[in-house]
Amino acid sequence: MKRFFNQGNRTDVIIGVIFFVISFPFLLTMHHFVSGGTHSSVSPLSFPRFVVVLVVILSIVLVITGLLEKPASGKASAPDAGNSTPDINHVNTAIYLGILFLYLVLLHFVGFVIATPIIMLMVAYILNGRNFLILAPAFTAFSVGLYYISMKLMKIILPTGIFFE
Amino acid sequence: MIGEILSGLASILSPGPLIGISVGILTGLVFGAIPGISGIMAIAILLPMTFYVSPLIGIPMLLGIYKAGIFGGSISAILLNTPGAPPAVCTAMEGYPLTQKGKAGKALNTALSASVFGDVFSNLLLIFVAAPLSIITLKAGPAERFAIIVLALTVVGSISGPSIIKGIICAGVGIWVSTIGISETSGATRFIFGLPELIGGISLIPMVIGLLCLPEVLRQVGGIYKEKKNSRLALSGNKADNRFTLRDFRYCLPTMVKSSFIGSFLGALPGLGASPAAFMAYSEAQRSSKKPEKFGKGAVDGLAAPEAANNATTGAAMIPMLTLGIPGDDVTAILMGAFMIQGITPGPTIFYEHTHLIYGIFGGLLMCDLLLFVIAKMGFKLWIKLSQLPKHLIFSCVTVFCFVGAYSINQSLFDIFTLIVFGIIGFFMNKYQFSAGAFIIGFILGPIWERAFDQAMVISNGSFSIFFTRPIPVVFLILALVSVISIARTRLKAKKTAAARI
């Protein structure tokens, strides 16, 4: 098993297997996920079935090519080297994702005008922005301004929050 | 018809479209000039705004962002040696040495003039080529359209990523996701898993913003944060150091014409885009230059070549979208989404059903060039300041813009949830070299492909033979196969050569 994982492009093999594990059972059971509609000479599943078969085949091909590929000796392949971040701080990434979900929750409960400056300060903090005395009023003004611009110019009412409805 | 064309071209001169283009250009320049964010992010974020204005305002505004964003990417490349977009890598190679010599103004002016030259060139090509080409493609039936999309997907999927299979899988999964919701032919609801919010399908805008903007913010936030302390940049007091003279223009003209041809040709092919055009034009300029030894040390023709080429892709990239209904890259895919939001399906019929609008947009393209030249030139000092903004300000604002953009189209918090989910998916796609662009193109082409597939099935009574017994679909399907095989062979050869070198 260890030898197997030392060979080939392990990431491609795992991703190929994930795609296969999702798409193949979906292909077999997709008729359970259709409801309603009128009778038509073409089934609503014909096209999705055709596409999912394609994905299943390609995921198998990805696994095979991943197994056959020689493991990369360097850290990153050439085309990717320019785009990738060499060192990723996973804690910051996880915190930022947490902030995004928190923003969603805050929008629901307290609305845009209150939630936005709090979230902006948090994002600024993880990016080393520490001058809160300037940032806090600036972000508050930004949120209020954006709220009114959206409402007056685009007729979009940004979330007001269920606490204030 | 001619009257419609002329009135369409003239319609862009009214205040609404002119304001829309100016806003688009300013936004594109700001987003392009700031390292870490790009014009495409601005297009994704501002896409919902087009829903609230006439297409004659909204679409030229997005085109303004597109064009200005590409030039904006060159600003940080020239000033900070930090390309704001991948096509600006060659620009940095020549522009930054000029900045180091105190000639930042000359570099910016050269880049701007070459960009506008390339833009105008490709716009004229689009205007004169697209309509005649649409007459031919108009004759395509469902089977032909199906085969054309197969070709487009194989080309897009195989080019837009380091692996052919991964690229095509991305496009395939994009199409699969596009089938969620109500089926157009039977009205049946598919794959909604008990979530009523999915009946209308996954919203395009939160998905696009999630895939294109949030992963970049995640990458920046997750990167080990070291803010470069750049010395304060400013334009030189000596006017000669800031000018792109008539003599420079004459010297660069052959390079700019050649580069515009390269950019337009590569831009018109689905899936290629600005980066290969810039690299090819740069190497051709170096090969044919009278002073090749100056390359890498601040050669003006070396700077003009990638700039003309990468901007020349913008007009040409719209040729496949307007004549075949196939978006050639992620930006044109979003532009296609903007057309569809307005109830207009890009394709050959657009020239007959919306003549006034389409020629208005063509007029808008030319107006974009003029305004880009004027606005960008007026604000050099401002762009220099913007390129040095701290990251904590930029990305906290970008986060909020992403949320507002995703929320605004349906005013639903479910769309924000969609945004976050696709943001996470996009982050992992980037990490494992799957192309978000191919996914988006698949998502947008999915319904069109399904329509062609269903219509062909109805005509042939459910037989797949319709795709293999008619000459045009057969030709396109063979071309698709040939393109996949030839790209696979080229990549295999490149890998072997690289391995042999090691």
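**A friendly note on chains A and B**

1. Let us start with B:Phe191, which lies in the loop between β2 and α9 (204-212) of chain B. Helices and strands here are DSSP runs numbered from the N terminus, a helix (H or I) having at least four residues and a strand (E) at least two. The phi of B:Phe191 is near 55°, a positive value in a residue other than glycine. Is B:Phe191 buried or partly exposed? B:Phe191 counts as partly exposed because 19 other C-beta atoms lie within 10 Å. The cut-offs are these: a residue is buried with 20 or more other C-beta atoms within 10 Å of its own, exposed with 12 or fewer, and partly exposed in between, the C-beta atoms being placed from the backbone.

2. A word on reading the model: it is predicted, so local features need a pLDDT of at least 70 and side-chain atom pairs count only at pLDDT 80 or more, while totals for chains, interfaces and linings use all residues. Residues are numbered from 1 along each chain as its sequence is written, and chains are lettered from A and ligands numbered from 1 in the order in which they are written.

3. B:Gln433 counts as buried because it has 20 C-beta neighbours inside 10 Å.

4. Now for chain A as a whole. Its secondary structure comes to 7 helices and 1 strand, running α-α-β-α-α-α-α-α from the N terminus. Of its 165 residues, 25% are buried. Two residues are in contact if their C-beta atoms, placed from the backbone, lie within 7 Å. Among contacts in chain A between residues at least 6 apart in sequence, 68% join residues at least 24 apart.

5. Helix α2(A) has 20 residues and reaches 29 Å from first C-alpha to last, close to the 28 Å expected at 1.5 Å a residue; the expected span is 1.5 Å times one less than the number of residues. Its buried residues include A:Val13, A:Gly16 and A:Phe19. What covers the buried residues of α2(A) includes α3 of chain A together with α8 (164-178) of chain B. In α3 of chain A we find A:Gly66, which counts as buried because it has 21 C-beta neighbours inside 10 Å.

6. How many residues does each chain bring to the contact? Chain A brings 59 residues and chain B brings 54. The largest share of the side of chain A that touches chain B comes from α3(A), with 12 residues. By class, this side of chain A has 35 nonpolar, 21 polar and 3 charged residues. Here Ala, Val, Leu, Ile, Met, Phe, Trp, Tyr, Cys and Pro count as nonpolar, Asp, Glu, Lys and Arg as charged, and the others, Gly among them, as polar.

7. Three strands form an open sheet in the order β1(A)-β2(B)-β1(B), with antiparallel pairing; strands pair if DSSP finds at least two bridges between them. The edge strands are β1 of chain A and β1 (181-182) of chain B, each pairing on one side only. β1(A) joins β2 (residues 189-190) of chain B over 2 bridges, and A:Ser35 stands opposite B:Thr189.

8. In the largest nonpolar core, of 199 residues, B:Ile43, B:Ala44 and B:Val208 touch the most other members. Such a core is a set of buried Ala, Val, Leu, Ile, Met, Phe, Trp, Tyr and Cys residues joined through C-beta atoms within 7 Å. Leaving aside neighbours within four places in sequence, B:Val208 is in contact with residues including B:Leu47 and B:Ile334.

9. Finally, confidence. The pLDDT, the predictor's confidence in each residue from 0 to 100, averages 83 in chain A, where 84% of the residues score at least 70. Confidence is lowest in α4(A), at a mean of 39, and highest in α6(A), at 94. Where pLDDT is low, the predicted coordinates should not be read in detail.
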